[in-house]
Protein chains: 2
Amino acid sequence: MDTPSHRRDVRADLIAAGLAILDERGFEAMTLRACAARAGVSHAAPAHHFEGLPGLRAAIAAEGFRRFTATILEERRKAGEDPRARLEAICEGYLRFARAQPGLFNLVFNLTFEHVSEGEVEEAGGAAYAVLAETCAPFAPLGDSEGSTEAFVWSLVHGRACLELAGRFDGTAAPPPMATMLAGLRLRA
Amino acid sequence: MDTPSHRRDVRADLIAAGLAILDERGFEAMTLRACAARAGVSHAAPAHHFEGLPGLRAAIAAEGFRRFTATILEERRKAGEDPRARLEAICEGYLRFARAQPGLFNLVFNLTFEHVSEGEVEEAGGAAYAVLAETCAPFAPLGDSEGSTEAFVWSLVHGRACLELAGRFDGTAAPPPMATMLAGLRLRA
DNA sequence: CGGCTGAAGTTGACAGTGTCAAGTTGATGT
DNA sequence: ACATCAACTTGACACTGTCAACTTCAGCCG
């Protein structure tokens, strides 16, 4: 017997449903009605929790960001104390997250959320960015501007992930490992 | 009086319609029916030229790649003969293309085209990649593997473009200029 | 305890979408 | 003139997002 919908967290169930559908069937299959059906509610139930499909996507993106942040924190923890090893570890974690869950990855990193309050996404994104900034802190900035190292590393690993997911590296020389591409970074004096 | 549909190139008209809609109204507004209406044909006409919506998207992506290639060739030409200036010029052209036409940019670079023959997209993509590879040829490879420089540069500029378009740099330190991020590249001996 | 209120579901409808099937039209070849 | 074929058209169907109106249940107040 299904739990009556008023006795449970429908919002959380819809987000969980969206994550499952993204993982199993990809971005285009993640529709409002598919999420509602998977969560066991009517097609109009999401309207009470989200600002339409864009709102649901934003909520899923925020959750995805949180999961991503947990992933790269764990990778960094396992890498020990060497700053370069830690930075390489979060980059590898980034790539692994993208490969394991391409649909969620695109939702988290490549969609804009116009006309929707992005507070939750921005907050989750800020937490992920803080991890990156902390991990880059031991390195000298590029061109003497603060924040440049993390922008550089993030651009590099994100581009690497997107192009790979889209199959744009197919038929070209395989990109070198992240360690090689990061080799030019110098530690602070 | 409209040109009868049998007297003109419906395929090309549909692609042009798709490009216009992407530019004016964005990715989600670019539907089969919107393209057909804009091209002045019935909603089922595209089925005779493309393998459904994915096929139309792939054809538009191929055309977008060609336009992109023309853009960066022209930027490189204008930059003169200095290898570093030329590389920076195509990276700036990349960013400008992305900012000017985000919908087309995402279609060209970030979508996969499963279940659709990608020959045209791959061919067009190969031409763009060849320009990048030529422009990187004067630089020493990273970690001694051929093809590494262009993979590095492409990852960097593509990530930079995607994160900016998605608004993920908002609230963070602005990324440094491409010239700064590419400064670590060394010319071949 | 009964009534009221509000949150949060539901059902149903509508417009837009992608795709498919069947019919139509016009050009081409014999 | 007739047959054939390519390429369009019309119409239908299932799925989609969104909206409106209704229903249900929990909580509050008198």
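The model is predicted: local features need pLDDT of at least 70, side-chain atom pairs count only at pLDDT 80 or more, and totals for chains, interfaces and linings use all residues. Residues are numbered from 1 along each chain as written, chains are lettered from A in the order written, and side-chain values use heavy atoms, without hydrogens and water.

**Contact and buried area**
- Chain B gives 39 residues to the contact, and chain A gives 39 residues; contact means heavy atoms within 4.5 Å.
- The two chains bury about 2,800 Å² between them, 66% of it on carbon and sulfur atoms.
- Buried area is the accessible area (1.4 Å probe) that two parts lose on being put together, summed over both.
- In chain B, the residues that lose the most area to chain A are B:Ser155, B:Leu163 and B:Arg168, together 21% of what that side buries.

**Salt bridges**
- Two salt bridges link chain B and chain A.
- B:Glu28 pairs with A:Arg57 in a salt bridge, with the closest N and O atoms 3.3 Å apart.
- A salt bridge needs a side-chain nitrogen of Lys or Arg within 4 Å of a carboxyl oxygen of Asp or Glu.

**Annotated region of chain A**
- UniProt, in an unreviewed entry, lists residues 31–50 of chain A as "DNA-binding region"; such annotations may be inferred rather than shown by experiment.
- Residues 31–50 of chain A are 40% helix and 0% strand, with end C-alpha atoms 13 Å apart.
- Helices (H or I, at least four residues) and strands (E, at least two) are DSSP runs.
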